[in-house]
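Hi everyone, thanks for making time this morning. I'd like to walk you through one structure, with the sequence and the model up on the screen.

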Amino acid sequence: MFLESSARYIRAKHVHFNLLNYKDNNNVLSNFPLLQHQWQIVEGFKVQISQRSRERLFDQTINLGICAYADALAAIAIVDELEPKQVLTLFVESRKSIMSQKLSACCRDANADSSEVISVFCYVLKIIQITVCQVGELFLQVLTDMPLFYKTILDTPPASQLFGGVPNPDEEVKLWNLFKDKLESDMVFLGRDFISKTCSDWLRNCGKEITSKISGRYLIDVVGSGYELSLAEKLIRETMDSKHVLEGSLEWLKSVFGSEIELPWKRTHELVLGEESDIWADIFEDAFVQRMKGLIDLKFDGLSGDVDVAQSVRSIAKLPDDRTDSEDYLKRLQVGGGVWFIKPNGKMLGSVPGSKLHHSQDNDLLSCLSTYFGPEVSRIKDAVDNCCQKVLEDLLSFLESPNAPRRLRDLAPYVQNKCYESLSTILIQLKNELDHLYSDLKDEKKDDASSLSPAILVERSLFIGRLLFAFQKHARHISVILGSPRSWASEVLTAVTTLSPIGSKHIRVASGSQMTDSPGKKMLDSSRKQTSLVMNALYGVDDKSSPQLEDLRQTTQDLSVRAYNLWITWVSDELSNIFSRNLKQDDALSSTAPVRGWEETVVKQQEQSSEGQSEMKISLPSMPSLYVTSFLCYACEEIHRVGGHVIDKPILQNFATRLFDKVVAIYEALLSTEEVRGSQMSEKGVLQVLFDLKFAADVLSGGSYNANEDLSEILSLRSPLRRKQKTQQSNTVIGERTKPLVNQLSQRLDPIDWLTYEPYLWENERQAYLRHAVLFGFFVQLNRMHMDAVQKLPTNSESNIMRCSVVPRFKYLPISAPALSVRNSARTSVSASTDDVYSRNSWKSYTSDEISRNTDVDEDSSLGVAAPFLKSFMQVGSRFGESTLRLGSMLTDGQVGRFGDILPAQAAGLLSSFTTARSDY
């Protein structure tokens, strides 16, 4: 249509030229005065033809075929006298203008969401593909076929048809033939290289425009997650591989290649552009990777707005008139036993098939942890962990691509650096707050009226300690991100199998287009393939963690120890003040009569004149002083209050070290005062002080006595040999610290008396240590001592421990102690009494010969209905009972295992097969 109009215009131009320039027609203008006016009207048709033809190039009507564009291009080339190179440039630039208009319209729409942006990307990609394919069909000569543009513009009717009814058309025919000759000479075929270069440059410019700022913003910034980026990539790739996009050029491709084309865009790309390149990599890959980095930055930057640890720490404050006194602070009792002994929220279900017991226990543990952390620590911990989790899930979703290995190499270090920077910022804030707390605590010691209460400062430091512990142990995704990318594989299945609501919306967008619903269906069907792509990429990298992980762990550990050290410093100072005051007020140290907690010990001596032995009774302390016990109890209660079950071992060791140093300093000051004022301490007072000093030193012997020792060395003590060497080293340091005090105190006693008292005094101290092992378990677990000692019950009248007979462990089973039998009707007693058992030096002397093997079961005993059933098992039960007691007689305290931390050695016989030899402590 437009080509015919342009031909008519050319003919009219030729006629007008002949009328004005023919020699016999000099008076034409005078004879036809309207000719000039009419020609101006005809001349206006040229502009209209050119404009309408260009408008046709912008028309993207679906039913408009390539012949219409060839007609419009031919008309423009004729009326505007353009060369083929100019026509090609005009064609591709018109398509670029269409894309620019579509992109600008989407950017101006403030309500455009990610689904609309993805649709625009797919639409623009279709324009690019169609344009490249149509360039090939219009301008590229393949085999012997003439390109469509040349065929259209050169296929004009002969002059005889145009001027057949005109009288004397010789001049018109001559001009028309000249026009055709010139047109054919101008319409030279474009070379393949020129077409390829032009299309490549145009494609590159289109890619820059798609991914550059439009109206002040990037269009891809509307996509708000890695999952949406992955979904956009899937839809874009589906568009590239779809046959429907190039449906109008399939016949041309078939004629070129001689058969049906499975991948039309790939073939078109090779034919027109002449290279094997990926349009996704040329246009979208870098933009999508940069957007993913932007999303990572956005989430971690948002974390800094959600988490203000400095403000959270400073929010722990009270009014000046509500200060907490140090002794009131220490005397607070934890009603209910603390968070570790609260009543579970859920029902405890039985262990039956389909039971949710394990899930209920997990919920109870999480509930306990939340109670221990408190709402603010839990909020900060959850915010950090959830941020890391979302970033990781987004990244894993984005890795669902054929370009996963390349993306992983680029994004894995990036996300690790951002995570490390964000957490380092939080740790720096916590470090600054700790500096302020230490400074404020020093100011409080100077009685600064404007300073905060020390109890508030301690609570703030404990808040920081709990927060750091939460980061270390319960913010799982921190270590996952900073760990080896291979560890991310555990997160892949969750990330790729969960289809968000956005996904279904995007599928509906795709189904409304010419791509039908195949992209959505294929996306769901290809989840397994995408998972394998991600897994292959993850397992293709080196299996090593980021060096920043260890640095972050060490920094967190150091800050945690420093946070608890402030609590340790203040609590130990306050406890030592109370301990020192009570020690100075202890009148019993100057008493010459036996005091509370002493017992008599029988000492057998060999007479020189006869072969017999004489007995001598001496009175020695068997219990530590009340203020010593109170001192250690308060310390253990404080440990329990701040979470003794979760505090790291180095912190407990530091606490034990600090308390031990305070005890030694207090007794050194006491002896110095005694020397200055003269000796006011009696012999019994000296013995009690020796007992108390040794007892406190043993309980606190698990401290860390090497200030330069780092956590790595502590964690490296795995083997029993190394642990034993460490224990021996600690005991040696304790002995060296207490030896001067012991020597100084023992010099106040008669040397002969001291030689007599010493072994029995230390034996009493060992017995007291074993009796208090459970009470002071937080300290005892650090360094278990006197494991070879046999625990005895105290014989003094002040003890409330009652003697009980040995009872069966299982009342209704034949396995018990003592052995059961039904051979005799009368019950026989055990030859060795309970008192004899507790007074023996070793369980090894408690043999089966001292136990009657004829112990019977009374028919009327409490066994009830179980007695007749047991008769048939009594003979076997007797043997098992004897074996159980023999095993109990051989087990020592150390062989009981972890139960040894809370049970005496004599309980080993009751543990039977449930005890196993361990050497963890």
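Let's begin with aspartate 698, which is buried, with a relative accessible area of 2%. For that word, buried means under 20% relative accessible area, exposed means over 50%, and partly exposed is in between, using a 1.4 Å probe and protein chains only.

Before I go on, a word on what you are looking at. This is a predicted model, where local features need pLDDT of at least 70 and side-chain atom pairs count only at pLDDT 80 or more, while totals for chains, interfaces and linings use all residues. Residues are numbered from 1 along each chain as its sequence is written, and side-chain values use heavy atoms, with hydrogens and water left out.

So, what does aspartate 698 pair with in a salt bridge? Its partner is lysine 694, and the closest N and O atoms are 3.0 Å apart. By salt bridge I mean a side-chain nitrogen of Lys or Arg within 4 Å of a carboxyl oxygen of Asp or Glu. Lysine 694 is partly exposed, at 24% relative accessible area. Both residues sit in helix H30 (residues 683–699), four residues apart, about one turn of the helix. Helices here are DSSP runs of H or I with at least four residues, strands are runs of E with at least two, and the numbering goes from the N terminus.

Helix H19 (residues 375–398) holds another such pair, glutamate 376 and arginine 379, three residues apart, about one turn of the helix. Their closest N and O atoms are 2.8 Å apart. Glutamate 376 is partly exposed at 27%, and arginine 379 is partly exposed at 36%.

Now for a pair that reaches across the chain. Arginine 641 and glutamate 459 meet through their side chains in a salt bridge, 3.0 Å from N to O. This one links distant parts of the chain, with arginine 641 in helix H28 (residues 626–641) and glutamate 459 in helix H21 (residues 454–473), 182 residues apart. Arginine 641 is buried, with a relative accessible area of 18%.

How many salt bridges does a search of the whole structure find? The count is 30. There is also a network of salt bridges that links Glu233, Arg237, Glu285 and Arg407.

Next, helix packing. Helix H6 (residues 114–139) and helix H11 (residues 226–241) pack at an angle of about 25°, with axes 10 Å apart. The axes are lines fitted to C-alpha atoms, for helices over the stretch in contact, and angles run from 0 to 180 degrees between N-to-C directions. H6 and H11 are therefore roughly parallel, a label for angles under 35 degrees. Residues in the contact (heavy atoms within 4.5 Å) include Phe121 and Leu125 of H6 and Leu235 and Ile236 of H11.

Most residues other than glycine have a negative phi. Glutamate 81, though, has a positive phi near 55°. Glutamate 81 lies in the loop between helix H4 (66–79) and helix H5 (84–108), and is exposed at 57%. Histidine 786 also has a positive phi, of about 55°. Its loop runs between helix H34 (777–780) and helix H35 (834–839), and histidine 786 is buried, at 14%.

Note on methods
Parallel < 35°, antiparallel > 145°, perpendicular 65-115°, else oblique.
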